[in-house]
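Please read them with the model open.

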Amino acid sequence: MSPIRVLVGVLGMDQHELGAVGIARMLRDQGMEVIYTGCFNTPETIVQAAMQEDADVIGISSHSWEYLYYTPELLELLKQNDLDVPVVLGGSVITEEDAGKMLDKGVAAVFGSGSAMTDMIDTVRNLAAGAATS
Amino acid sequence: MKENATRSGINLSPVYGPSDGNGDYSRRFGNPGEYPFTRGTRAYSGRGWIQRELSGEGDPKRSNEQFKYLMTLGQTGLDVIGDSPTMSLMDPDHPLARYTVGTQGVSLCRHDDYRQLLDGIPLDQMSISSSGPSMFTVASLYLLAKERGVSPGVLRGSVIEWPFYSEHCSYAYKMPFDLHLRMSCDVIEFCSKEMPRFHGFLEDTYFFSEAGLNAVEEAALGFVEIRHIVRALLARGLDIDSFAPRIAILTNCSMDFYEEIAKIRAMRRIFARMMKEEFGAKDPRSQAVNIAVHTSGLSLTTEQPANNIVRGAVQTVALGLAGVTALEISTFDEGYRTPSKEAHLVGLRTQQVIDLETNINSVQDPFGGSWFMESLTDEVEARILDMVNEIESLGDPAELVSSGYFKQFFHGTMGRYHRQVHDGEVLKVGMNVHQMPAEQDTLLRDISEEKIEPLFDRVEEISAYRDKRDQRPLLDSLQRLHDVVQTDENMLEAVLECTLAGATMGEIAGILRQAWGTPYDPYGFLESPIGSTQ
């Protein structure tokens with residue numbers, strides 16, 4: 001079985017990279033292939049990279065409220081491109097209320113501050129397995 | 001953290017005694033106000049530190065109201081931060097800026113913004129410390145002082161120079177290193193001539209140390225940058241004593257209480273010796289470095305935000321004992337946002353309680369002569385110097401920036417910190433120890449989670465502003481700046497001219513990039529107002 005491919009990136013002008021780098025390392029340690037796209041992404045660049053890299057899961061890390069606007073745009077763009085790749089959001093700035101809103105819009109999972117590492121890893125694994133069978 | 005070791009990994013004995021931290025008093029310590037300034041840059045004043053809180057949100061007018069509110073609370077200096085686009089030399093109507101205009105700092109891009117920002121603020125009395133891009137902040141402060149009949153020579157405050165690390169931590173200029181360094185040197189040279197009381201060169205180790213660095217790494221990288229900029233200024237033929245008194249440092253303060261105090265004492269000593277012995281500074285003011293501090297945002301948690309008040313207070317006590325010049329507390333809502341009105345009040349009151357009620361300022365350097373503190377200061381100093389030597393031995397530090405050495409380094413420290421917190425090696429009460437269920441974790445949560453909406457109106461306003469300007473003088477000034485960049489002339493005069501002609505910060509930064517042979521807009525959305533010049 002080929003390893004799970006996860007795209008990890010930060011959107012807009014958010015330049016707090018610590019969470020994204022930490023998660024990328026953690027997933028790599030689990031044997032996953034991480035395509036790290038760094039900062040200054042737009043929904044367009046994320047979708048393009050996800051297509052080119054054949055990503056199983058897209059992970060967006062946030063330390064700015066920009067994600068509230070970009071995430072729905074990203075989901076819409078994925079749909080327009082017939083790309084069935086689950087989107088996972090992470091970041092301590094995401095409140096419980098906003099997490100609920102994002103899940104309603106179609107985000108597959110949200111992880112706030114203090115989330116257990118094992119939960120995050122299991123979720124990515126399950127989502128990747130789901131995406132592969134769908 | 002290892003058991004009984006500092007965050008940088010220095011092993012601690014349970015008890016210290018007369019055999020620790022011994023040494024020649026005048027060589028290693030000196031009295032406060034005397035070389036090598038380990039014990040403080042000034043003789044006892046009893047005055048304490050400049051008290052301020054990070055401010056700036058929304059448009060310039062709203063930020064001005066915020067400043068005035070803080071001044072009514074007794075704030076004694078201003079500390080201004082721009083929103084992400086402003087900090088990254090980007091105008092609010094840039095397509096990438098849209099959703100973050102005014103949300104994590106104030107949106108500033110033209111001279112008129114600074115007029116509104118500092119309306120009614122006494123420029124000759126208030127120290128203004130700005131985290132915004134230095135060249136543009138200095139240009140507008142200088143012009144504003146002249147407009148108000150205040151001599152730029154009396155302006156106090158600081159701007160940050162960060163050519164080494166800004167691309168990799170927090171705020172990228174998307175400029176070649178050499179251009180960024182040139183901007184920094186031009187600003188420092190301009191300030192040392194025209195604004196002699198202003199710190200045109202604040203070495204900010206805070207922002208990059210938030211990438212998970214420990215105290216030794218933070219100070220070492222700071223000194224690598226200081227040393228490189230000093231050498232670049234000396235290479236211009238400047239006298240060390242003409243600019244060194246205007247160098248200041250802004251550091252972080254983690255929760256490792258003793259080590260942070262030792263770090264500040266060690267940094268003062270390293271700076272003094274470096275300036276005197278290596279760079280030949282004769283003026284004592286060139287050897288005595290003012291250190292201001294921003295308490296650690298990274299040490300704070302979004303869980304149980306009230307705990308952050310305690311963290312800020314403990315760090316403030318450490319800094320009071322270390323004898324810093326100025327400080328601002330990262331407030332309880334830091335995990336979510338720039339400070340709310342309530343958080344400003346708590347942050348400032350924390351500083352005031354410690355300053356006024358505890359007698360903390362009654363003695364200078366109270367840890368001086370402590371077997372433990374002197375021994376720790378020595379060890380921290382030795383490790384900082386080792387790391388500086390190690391980095392410089394790898395080659396020209398400027399080459400290390402371009403080759404991605406520091407980027408790699410920061411990715412390593414970010415990953416390390418992330419793991420340390422997840423593994424519980426760094427303990428954070430409320431986050432990885434003594435957690436509580438979300439439904440119980442309500443204290444101060446409503447305030448912390450309150451959002452600042454992006455200013456879509458300001459995007460429209462700036463977009464419309466562009467066509468309203470008198471185009472001929474504007475384009476002439478931008479063209480002249482383009483030409484000046486290709487000479488050795490200091491760029492500030494040309495930047496002042498552009499600023500007065502109504503140019504925006506994004507335009508000026510774009511012209512600098514273009515003149516350097518790189519794209520006007522690094523993100524590929526905008527075209528240069530003066531057209532292609534290749």
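**Notes on chain B**

1. Start with one crossing. Helix α8(B) passes α14(B) in a right-handed crossing. Bear in mind that the model is predicted. α8(B) covers residues 215–235 and α14(B) covers residues 371–393. Their axes come within 8 Å and cross at roughly 55°. That angle makes α8(B) oblique to α14(B).

2. Who meets whom here? On the α8(B) side, the contact residues include Val216(B), Ala220(B), Phe223(B), Val224(B), Arg227(B) and Arg231(B). On the α14(B) side, they include Val380(B), Arg383(B), Ile384(B), Met387(B) and Glu392(B). The residues of this contact divide into 11 nonpolar, no polar and 5 charged.

3. α14(B) has another partner, α10(B), made of residues 257–278. The axes of α10(B) and α14(B) come within 8 Å and cross at roughly 60°. The two helices are therefore oblique to each other. α10(B) passes α14(B) in a right-handed crossing.

4. From α10(B), the residues in this contact include Tyr258(B), Ile261(B), Ala262(B), Arg265(B), Arg269(B) and Arg273(B). From α14(B), they include Phe372(B), Met373(B), Leu376(B), Thr377(B), Asp378(B) and Glu381(B). The contact of α10(B) with α14(B) divides into 11 nonpolar, 1 polar and 8 charged residues.

5. How many disulfides does the whole structure hold? A search over all chains finds 0. Take Cys109(B): its sulfur is 14 Å from the closest cysteine sulfur, in Cys498(B), and so too far for a bond. From the other end, the nearest cysteine sulfur to Cys498(B) is that of Cys109(B), and Cys498(B) is in no disulfide.

6. Are these two cysteines buried or exposed? Cys109(B) is buried, with a relative accessible area of 3%. Cys498(B) is buried too, at 0%.

7. Cys498(B) belongs to helix α20(B), residues 492–500. It is one of the buried residues there, along with Leu492(B), Ala494(B), Val495(B), Leu496(B) and Thr499(B). What covers them? The cover includes α4 (111–117), α5 (134–147), α6 (177–194), α19 (471–485) and α21 (505–515) of chain B.

8. Last, check the backbone after α20(B). Gly502(B) follows this helix, and its phi is positive, near 95°.

Note on methods. Residues numbered from 1 in each chain as written. Chains lettered and ligands numbered in written order. Predicted model: local features only at pLDDT ≥ 70, side-chain atom pairs only at ≥ 80, totals over all residues. Heavy atoms only, no water. Disulfide = S-S within 2.5 Å. Buried < 20%, exposed > 50% of the residue type's maximum accessible area, 1.4 Å probe, protein only. Axes fitted to C-alpha atoms, helices over the stretch in contact; angles between N-to-C directions. Helix = DSSP H or I, 4+ residues; strand = E, 2+ residues; numbered from the N terminus. Parallel < 35°, antiparallel > 145°, perpendicular 65-115°, else oblique. Left-handed = near helix turned anticlockwise from the far one by under 90°. Contact = heavy atoms within 4.5 Å. Nonpolar A, V, L, I, M, F, W, Y, C, P; charged D, E, K, R; others polar.
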